[in-house]
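Here is a briefing on one protein model.

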Amino acid sequence: MAASNPHSFTAEESLACLKEGNERFVNGLARFPTVQKEVLADLAKGQHPHTTILGCSDSRVPPELVFDASFGELFVIRVAGNVLGPAILGTLQYAGLHLRTPLFVVMGHEGCGAVDAAIGSRFHGVAQQSRIEALLENIGPALDDLDASLPHEALLHAAVEANVRHTVHALLGTGEVQARLAEGEMKLIGAVYDLESGRVRFLD
């Protein structure tokens, strides 16, 4: 049985929270250097995050810091290349059915090593260890329409965004997402984080 939405955030309000938090982060005005014990005690009773984020495992891209979010605000799933897989899909399904977060974000980042490795595998025949190759297979379809003759930096930039869009498109094809969208209370959006500036660019 799916839980009812336990909080009052809409998808647009959740997105506004992320954008405002990223502005504070970029401008050095983050609010949460510590958290009070009373807050932790309250959160121990249950979680009601307003946003689910599928992001990359890269140590330079922690969503809670990037969006200046405190404990309990974000439900975060991190995997190299922000790719899908059975465990990832199961976790996203849990977020949709039980946590009922109104906003889902797939967030890649500039200079992603997993995407770069997928480019090397696809266009230059670079071999990786077997499990890494299995991960890169999830990124491969996102590269289908890219121009391999682009300079490497431009190709990587295009591939990072294409990979995010590919994952968003795959999620849009699931029955769970279609059902939530039909309810009119949920939003799914892609985003790309810039390592140098700290800025998050949300994709249309």
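**Briefing**

Leaving aside neighbours within four places in sequence, Val 115 is in contact (heavy atoms within 4.5 Å) with Ile 139, Leu 156, Ala 159, Val 160 and Asn 163. This is a predicted model: local features need pLDDT of at least 70, side-chain atom pairs count only at pLDDT 80 or more, and totals for chains, interfaces and linings use all residues. Residues are numbered from 1 along each chain as its sequence is written, and side-chain values use heavy atoms, with hydrogens and water left out.

**Val 115**

- Val 115 is found in helix α5 (residues 113–124). Helices (H or I, at least four residues) and strands (E, at least two) are DSSP runs, numbered from the N terminus.
- Val 115 counts as buried, at 1% relative accessibility. Buried means under 20% relative accessible area, exposed means over 50%, and partly exposed is in between (1.4 Å probe, protein chains only).
- Gly 140 is 25 residues from Val 115 along the chain, and their C-alpha atoms are separated by 8.7 Å.

**The sheet**

- An open sheet is formed by 5 strands in the order β2-β1-β3-β4-β5, with mixed pairing. Two strands pair if DSSP finds at least two bridges between them.
- β2 and β5 are the edge strands, and each pairs on one side only.
- On average, neighbouring strands of this sheet are turned by 25 degrees against each other, direction ignored. Axes are lines fitted to C-alpha atoms, for helices over the stretch in contact, and angles run from 0 to 180 degrees between N-to-C directions.

**Strand β4 and its partners**

- Strand β4 (residues 187–193) is mostly covered, with 6 of its 7 residues buried.
- On one pairing, β4 meets strand β3 (residues 103–109) in the parallel sense over 7 bridges. Gly 108 has Val 192 of β4 as its bridge partner.
- β4 also pairs with strand β5 (residues 200–202), in the antiparallel sense over 3 bridges.
- Ala 191 stands opposite Phe 202 in β5. Tyr 193 has Val 200 of β5 as its bridge partner.
- The hairpin of β4 and β5 has 6 residues between the strands, and Gly 198 there takes a positive phi near 85 degrees.

**Helix α4**

- Helix α4 (residues 86–99) has 14 residues. From its first C-alpha to its last it reaches 19 Å, close to the 20 Å expected at 1.5 Å a residue. The expected span is 1.5 Å times one less than the number of residues.
- Ile 88, Leu 92, Ala 95, Gly 96 and Leu 99 are the buried residues of α4. Seen down the axis of α4, they fall within an arc of 125 degrees, so they line one face of the helix. The arc is that of the directions from the helix axis to the C-beta atoms.
- An α-helix has 3.6 residues a turn, so residues three or four places apart point the same way.
- The buried residues of α4 pack against β1 (51–55), β2 (74–78), β3, α7 (152–172) and α8 (175–183).
- Exposed residues Pro 86 and Ala 87 are carried on the face of α4 turned away from its buried side.

**Aromatic pairs**

- The whole structure holds 2 aromatic pairs. Rings of Phe, Tyr and Trp (its six-membered ring) pair if their centres lie within 6.5 Å; planes under 30 degrees apart count as stacked, over 60 as edge-to-face and the rest as tilted.
- In one of these pairs, the ring centres of Phe 75 and Tyr 94 are 6.1 Å apart and the planes are at 45 degrees, so the pair is tilted.
- This pair links distant parts of the chain, with Phe 75 in strand β2 and Tyr 94 in helix α4, 19 residues apart.
- Phe 75 is buried, with a relative accessible area of 15%. Tyr 94 is partly exposed, at 37%.

**Loop residues**

- Asp 68 lies in the loop between α3 and β2. Asp 68 is not a glycine, although its phi is positive, at about 45 degrees. Its relative accessible area is 4%, so Asp 68 is buried.
- Gly 72 has its place in the loop between α3 (63–66) and β2. At 32% relative accessibility, Gly 72 counts as partly exposed.
- Not counting residues up to four places away in sequence, Gly 72 touches Leu 43, His 48 and Pro 49.
- Arg 100 follows α4 and lies in the loop between α4 and β3. Its phi is positive, near 55 degrees, in a residue other than glycine. Arg 100 is buried, with a relative accessible area of 12%.
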